[in-house]
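Here's a quick tour for anyone meeting this structure for the first time. Have a look at the model, then read on.

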Amino acid sequence: MLTAAIFRENKLHDITHWGIRAAIGAIFISAGSGKFHPGFAGFLASIGVPVELQIPIALAEVIGGTLLIVGVLSRISSSILCIINLGAIFVVKGATNLTGDGGYDIDLMLLAGNLLIIIAGPGRVSISHVVKKIPRFLQ
């Protein structure tokens, strides 16, 4: 049958899927670790977001990025990171410019990558695949 997803049996597909997860995870770990700095709380206050959200946002990005890289709870992590991306696009950047100063192009690409992970799951190069006891909706 021509509509069968035979490409999923290829090792290159597995490596590419892990590469997407690792790249998105590394970006969120890097961005999230900078949000522990007290200056981020001042930035949140200046845009009208409660300062109490500083630590939850930073933890969600660092822990979510780590879980994406190792491939555990990838769908849940990507869902939380999607919410953070939507907040970055609409609250922080105002969704006014796609590119340029204050543009949300990178956030939109990260959102698309997270949606891909939510739909496709963690893939075969992940701890979820090795353990095989984690239910599919939690992968």
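Helix H4 (residues 74-92) gives the most to a nonpolar patch, with four residues. This is a predicted model, so to speak: local features need pLDDT of at least 70, side-chain atom pairs count only at pLDDT 80 or more, and totals for chains, interfaces and linings use all residues. Numbering starts from 1 along each chain as its sequence is written, and side-chain values use heavy atoms, leaving out hydrogens and water.

The patch sits on the surface and is formed by Phe43, Leu86, Phe90, Val91 and Val92, with about 440 Å² of accessible area together. Patch residues have over 30% relative accessible area and no salt bridge, and nonpolar side chains are joined within 5 Å.

Phe90, one of the patch residues, has its place in helix H4. How open are Phe90 and Ala45? Here are the two side by side.

Exposed means over 50% relative accessible area, buried under 20%, and partly exposed in between (1.4 Å probe, protein chains only).

Ala45 and Ile20 are 25 residues apart in sequence, and their C-alpha atoms lie 33 Å apart in space.

Now for a pair of helices. The axes of H1 (residues 11-34) and H3 (residues 54-70) come within 7 Å and cross at roughly 155 degrees. That makes H1 roughly antiparallel to H3, a label for angles over 145 degrees. Their crossing is left-handed, meaning that the near helix is turned anticlockwise from the far one by less than a right angle.

Terms used
Patch = residues over 30% accessible without salt bridge, like charges linked within 9 Å, V, L, I, M, F, W, Y side chains within 5 Å. Areas by Shrake-Rupley, 256 points an atom, 1.4 Å probe, with all protein chains shown as cover. Salt bridge = Lys/Arg side-chain N within 4 Å of Asp/Glu carboxyl O. Helix = DSSP H or I, 4+ residues; strand = E, 2+ residues; numbered from the N terminus. Axes fitted to C-alpha atoms, helices over the stretch in contact; angles between N-to-C directions. Parallel < 35°, antiparallel > 145°, perpendicular 65-115°, else oblique.
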